[in-house]
Amino acid sequence: MNNILLDSTKSYDKEGTFKLELDKDTTINIESDNVKLYLVTKNNIRVDFNIFKKATIYNITTENITINANIYNNAKLDFYLMTITDKKITNTINAYHESKDTTSNLICHGISYLKGDLKFSVNGYIKKGMIGSICNQSSRIINLDDGKSLIEPNLFIDEFDSVANHSAYTGPFDEKSLFYLETKGISRKEAFNLLLSGFMKLVDLPKEYENILDMLLNKVMRS
Amino acid sequence: MFVIDKLNVLTKDTSKEILKDFSLTIKPGEIHAIMGPNGVGKSTLSKVIMHHPDYIITNGTITYNNKILNDLTTDEIARSGVYLLMQDPSIIDGVSNSEALRTALKERGSNDTNLYTFISKMKKEIDSLSLPKDTMHRGINKGLSGGERKKNEVLGLKLLEPSFIILDELDSGLDVDSLKIVAKNINDYLKVNKDTSVLIITHYSRVLDLIKPDFVHQMEDGKIIKTGDITLAKQIEKTGYNGVNEVESSENHE
């Protein structure tokens with residue numbers, strides 16, 4: 001995994017796995033298949049992606065962020081957002097299907113804790129003529145302590161021959177899951193922490209990147 | 001010894017009385033079956049034993065090995081040796097089977113939490129239950145069929161080694177072959193752990209042909225109304241719950 005110092009525009013024309021810490025508005029072009037980007041974003045920034053090939057992007061944040069993903073040339077974007085916050089913030093994710101047969105899968109998980117007020121605004125755009133495009137969204141926010149949250153899932157679909165799905169949930173952890181783990185002899189505290197960790201680690205993450213998430217999770221785990 | 005003494009239970013949200021002066025004693029090594037039609041409180045009983053938050057015990061006690069379970073939390077009850085094999089096990093994405101079971105063993109202070117020992121044992125039991133190879137690393141019950149979810153519960157049973165097992169509708173969702181595999185695994189466990197007691201909750205007698213009970217109880221309206229052996233289960237299977245009572249009533253009349 002590489003740490004790369006950025007100017008405001010960066011292009012990837014070779015496959016690989018990259019870690020970036022972004023603290024200013026940035027444009028990123030994905031020009032090769034199988035690029036995996038592990039982002040940590042700060043400072044309420046905007047990141048514009050131009051996706052020409054198959055890419056997987058992960059983003060950990062505790063602050064406002066706006067992501068604009070322009071998807072071209074049969075490309076496919078898998079985007080995973082992991083937000084943990086005790087602030088009033090909005091994460092806006094826009095997926096623009098700019099060519100036919102493009103795919104976006106937007107998976108956004110968040111935890112709003114203490115006085116947190118987390119909003120996900122997740123928007124998929126399929127214009128007329130972008131036939132065969134697929135736009136999927138799955139968003140979930142768990143509220144802890146006095147945390148509040150809101151999810152606005154929007155699908156702006158002008159093309160009849162396309163597929164779009166969304167699901168959204170905000171609220172506490174499911175009591176049924178907690179009870180299930182407790183019946184195995186796991187204390188409520190440990191059960192809660194297992195669910196919390198499982199909820200945020202959506203997929204297997206590289207160790208170094210997982211450590212960043214763990215540091216944030218430690219703030220909300222029950223001790 | 002597992003003893004339920006004159007237990008009265010209400011649902012928390014509607015205050016409906018579910019169990020009424022329910023009593024049952026199960027000695028070490030005994031297998032008891034409770035049969036009854038839908039809605040008489042059979043599955044509720046299993047949840048009440050595990051201190052499910054939806055129910056309130058208004059009177060009576062549940063005691064296991066001289067420890068009163070009423071005041072214990074669900075995890076404390078489980079750690080005292082009670083294992084509930086759920087009728088409809090939860091699906092929990094993100095928490096793997098191995099992670100959950102290893103945590104459960106750690107919380108019991110078990111010696112089996114050494115990674116190599118744990119994985120070897122888990123692999124062996126996964127094979128013995130004919131579960132998919134990747135069950136260990138999957139989210140709990142994720143992508144498993146109804147029958148495989150039941151098998152996964154038996155996997156937990158074999159790793160956590162309880163001394164009192166509650167089988168809540170074990171046969172629901174299991175095909176004939178899977179039921180045989182599950183029953184064989186439970187019987188093998190009971191052969192090795194002779195003092196382990198079992199409470200089987202079921203509608204049908206077919207599971208009792210595979211895990212043979214010492215006692216069969218018929219439940220109605222929140223309490224046990226009749227106790228017998230396997231012949232009671234066969235009679236119920238033949239004549240239905242109402243039929244059994246009608247025969248009994250006619251015999252008494254004569």
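Strand β7(B) pairs with strand β8 (residues 139–140) of chain B, antiparallel, over 2 bridges. Pairing here means that DSSP finds at least two bridges between two strands. Strands are DSSP runs of E with at least two residues, helices are runs of H or I with at least four, and both are numbered from the N terminus. Within this pair, S96(B) stands opposite G139(B) in β8(B). Buried means 20 or more other C-beta atoms within 10 Å of the residue's own; exposed means 12 or fewer; partly exposed is in between; the C-beta atoms are placed from the backbone.

A word on the source. This is a predicted model: local features need pLDDT of at least 70, side-chain atom pairs count only at pLDDT 80 or more, and totals for chains, interfaces and linings use all residues. Residues are numbered from 1 along each chain as its sequence is written, while chains are lettered from A and ligands numbered from 1 in the order in which they are written.

Now the open sheet. Chain B has one of 6 strands, in the order β6-β9-β10-β3-β11-β12, with mixed pairing. Which strands stand at its edges? They are β6 (82–85) and β12 (223–228) of chain B; each has a single partner strand, so one side of each is left without a neighbour in the sheet. On average, neighbouring strands are turned by 20° against each other, direction ignored.

Inside this sheet, β3 (residues 31–35) and β10 (residues 197–202) of chain B run parallel, joined by 5 bridges. There, I31(B) stands opposite V198(B) in β10(B). Helix α5 (residues 146–160) of chain B packs on the sheet and touches β6 and β9 of chain B. Its direction makes about 170° with that of β6(B). Such angles run from 0 to 180 degrees between N-to-C directions, with axes fitted to C-alpha atoms, for helices over the stretch in contact.

Next, one residue. Is S23(B) buried or exposed? S23(B) counts as exposed because it has 12 C-beta neighbours inside 10 Å. S23(B) sits in strand β2 (residues 17–26) of chain B. Neighbours within four places in sequence aside, S23(B) is in contact with I4(B), D5(B) and K6(B). Contact means C-beta atoms, placed from the backbone, within 7 Å.

Last, the two chains. 18 residues of chain A are in contact with 21 residues of chain B. On chain A, the elements giving two or more residues to that side are α1 (175–182) and α2 (188–200).

Definitions and conventions. Two residues are in contact if their C-beta atoms, placed from the backbone, lie within 7 Å.
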